[in-house]
Amino acid sequence: MNQQNPQSKFGKFDEEVNQLSKVLFYFMCILSFLMIFFNGFSKFWFIQYFRYLLLLSSIIPISLRVNNDFAKSFFSYRIQNDPVIKGTVARNSNIPEELGRIQYLLADKTGTLTQNDMIFKKIVINEKQYTIEDLPEIKNTLIKMCQKFNSPLPDIENGENQENKKNRRKNELIIRDVFTALSVCHNVTPVIENGEKTYQASSPDEHALVKFSESLNMRLEQRSEEQIVILNANNTQETFLVLAIFPFTSETKSMGILLRHQPSSKIIYYLKGADTIMMQKVNPYFKSFVNDDCDNLAREGLRTLVFAQKCISEEFYAIWKEKYKQAQESLQDRNQQIRNIASELETNMELIGITGVEDKLQEEVCNTIENLRQGGIKVWMLTGDKVETAKCIAVSAGLKSVNQEIFEIIDQTDEMVLREMIQQFSHKANCVLLIDGTSLCKIISSCDKLFFETATQAPSVICCRCAPKQKASVTECIKKYTNKRVLCVGDGGNDVGMIQCAHVGVGIVGKEGKQAALASDFSILEFRYLKCLLLWHGRNSYKKATTLSLFVIHRGLIISIIQMIFSSIFYFVAIPIYNGMLMLGYATFYTSLPVFCLIFDEDISQEMAFQYPQLYTTLQKNRKMNTKTSILWIWISIYQGSAIMFLAVTMFQDTFLSIITITFTALIFIELLNVYSQVKLIYIFSYLQIQKLHKLHMAMIISQLFTFLTYLLSILFLNNYINTEQITSEFFVKVLLICAATWLPLHTFRVVQQYCYPNEEKKIMRQVITLKDFISVFVGFLVFFILLFLYQN
């Protein structure tokens, strides 16, 4: 049911980059055509067109993929080495930026929201509830019954059952039977380690019940494929031969075992499972008891398990054994045939007890969910538990607040009724939706679009009695009908399906093994780690990935604009302005480090990211890589490339001889200044005074200085490409003046814009533009006028 072909996940960010690359390709083609148009259509204009395409090919960001892959690897490294979320593993380094755009979080309950550490709370025997306070009474009764009788079902002869009896058996006898069932009906194996006995169990429920049984002196001593040995309350060994065992599956939701009690030779079939399944197995007389008692326990937030038994006659067993043997030897539909044979045992069984265990919430679950909801993430809980249990956990975990109501869609299989209820829910505001597996199954097959378009508007949704396949279906439907990013988190094998279907799958390493963790994109140890994973690492990864991509694109665009203007000024000649060595150096030594080091920038501290989770909502609006942003960066590239060329031609004599030196020097300084605008290095001087609102990484400062010094040193070794005779003090004054005139207007516009129209991040953090924000503008204009004065004199 959980087996699916693994998918290679491709993030929305990569799709946006690919789309932008297509736009840039079309832009390159248009620019080349304009060159041909203004030059006139000569005889060989088609060949000339392709020459222009090659000259302007820098527009296509070939290095963008490499830069992004390195950035993603760095983001994944930071996630894995964050001491706040120790033990986190980034198993998929392709999509760390997707963590910054999540809008729906689908979470399993047991082991994900809860600790999966079961603690016994209550047991119902013969309609009477027993709590921990009643343990002495139960223990005395067990000792008395084990002393008086040497086997379970002492009042029933071999093969006799209760299906025709209207009177219940004595309470003392049922207590003896139910704790025998707790001791033998499981897959727990006792192991001796360092002289101490421990239990190996596939399920925390089974481990908790076996430990509870042991506390009442019903001890599991040995376990093998052939037999089970227990030590009863009278300190007497009882041996059970294993005749057949039917393990728990997500389809059957029950576990059965057929045993022969050796001293008495009685053949007993024990069965335990979910109440919805067990109601079909027990004698009709017990069905109302199962329903009422399970509901009462579920209202207290307890996980319930129903136990039943049946005494099998030798004649029935002999016939049944032959059928069972044939089913085991079958080569076709073996598992189904075995289940059909097992169902012959599971009729008119006697209800002997219902257990209730508590699974406490993990640490900081409420706080984490509240922070994620403030960040614009809607949380859904998908669980296989009963409706009442799911309600209690939803309230405890904060999925339902005090002022919210719960709208229930339970046990509905009629399509018209379902559509009517969905319409009713659509008119309710601030209401949590609860739906069970039966109704969900019908909805998915008949009116899934109507339901998910309505349900996704709810603040929270609770899906109870949910099968693993339904979890995966819910994930697929949310993706299909909302087109928004979905994260699924779970800890068990039954969560693998939805983890693989989600845009981002997170597995919790828990007591149910590592199936979910190994199938996930990111594995964590606790649910509360999602707060740091999304609000901090997700936000940083997405913001820095988009910034890096736009800078790499700008780096290629601006040099292509310079090339286009150069060719246009000098009679549309189809020759490159820069030699291959300079082009190589521009894309590597001179600009790669400052641009790539943008990924180290942190615009806010981790504490502020947690203090203002609303900052996460700004990323969900897709404003970092949308059409408006792309056009803006294309315009910046056109403006700066044009300004460099026209100012160089205007300010320098013999421009053709020194144009390479002028424009290339200005180009490198402009890129450094653009990075400066992004990270605001002016805050270095007031870093302690601004309460760490803008954290800087030393690598960014080092990269800026390294690039500047590298260019100055390379002048000495690139005499063939750079005219060093032109490099004088006057040359630097003019180049710096070009840089100031090219960069300063854009930087000033950004500061003024933030002052007049602050973005959502500043509004959320209640920041205002102060005098410190204008320091860089003031310094920039001061330098500009000084350079202008020097130029004129």
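## Reading a buried site and an enclosed helix

Visitor: Where do I start with this one?

Guide: Keep in mind that this is a predicted model. Then get an overview: the protein chain has 28 helices and 20 strands, and 55% of its 793 residues count as buried.

Visitor: Which residue does the UniProt "active site" annotation cover?

Guide: Asp108, according to that unreviewed entry. You'll find Asp108 in strand S2, residues 102-108.

Visitor: Is Asp108 buried or exposed?

Guide: The cut-off for buried is under 20% relative accessible area. Asp108 has 5%, so it counts as buried.

Visitor: What is Asp108 in contact with, leaving aside its neighbours within four places in sequence?

Guide: Its partners include Leu113, Leu382, Val489, Asp491 and Met498. Lys471 is another of them, and the side chains of Asp108 and Lys471 are joined by a polar contact of 3.1 Å.

Visitor: Now helices. How should I read H19?

Guide: The general idea is that an α-helix has 3.6 residues a turn, so residues three or four places apart point the same way. In this structure, H19 runs over residues 529-569 and reaches 58 Å from its first C-alpha to its last, close to the expected 60 Å.

Visitor: Where is the kink in H19 centred?

Guide: On Gly538, with a bend of about 30°.

Visitor: How many of the residues of H19 are buried?

Guide: 39 of the 41, so H19 is largely enclosed by the rest of the structure. After the helix, look at Tyr571: its phi is positive, near 60°.

Note on methods. Residues are numbered from 1 along each chain as its sequence is written. This is a predicted model: local features need pLDDT of at least 70, side-chain atom pairs count only at pLDDT 80 or more; totals for chains, interfaces and linings use all residues. Side-chain values use heavy atoms; hydrogens and water are left out. UniProt positions are given in the numbering used here, feature names are shortened, and annotations may be inferred rather than shown by experiment. Helices (H or I, at least four residues) and strands (E, at least two) are DSSP runs, numbered from the N terminus. Buried means under 20% relative accessible area, exposed over 50%, partly exposed in between (1.4 Å probe, protein chains only). Contact means heavy atoms within 4.5 Å. A polar contact is a pair of N or O atoms within 3.5 Å; within protein, one must be able to donate a hydrogen and the other to accept it, and residues adjacent in sequence count only if both atoms are side-chain atoms. The expected span of a helix is 1.5 Å times one less than its number of residues. The bend at a residue is the angle between axes fitted to the seven residues ending there and the seven starting there.
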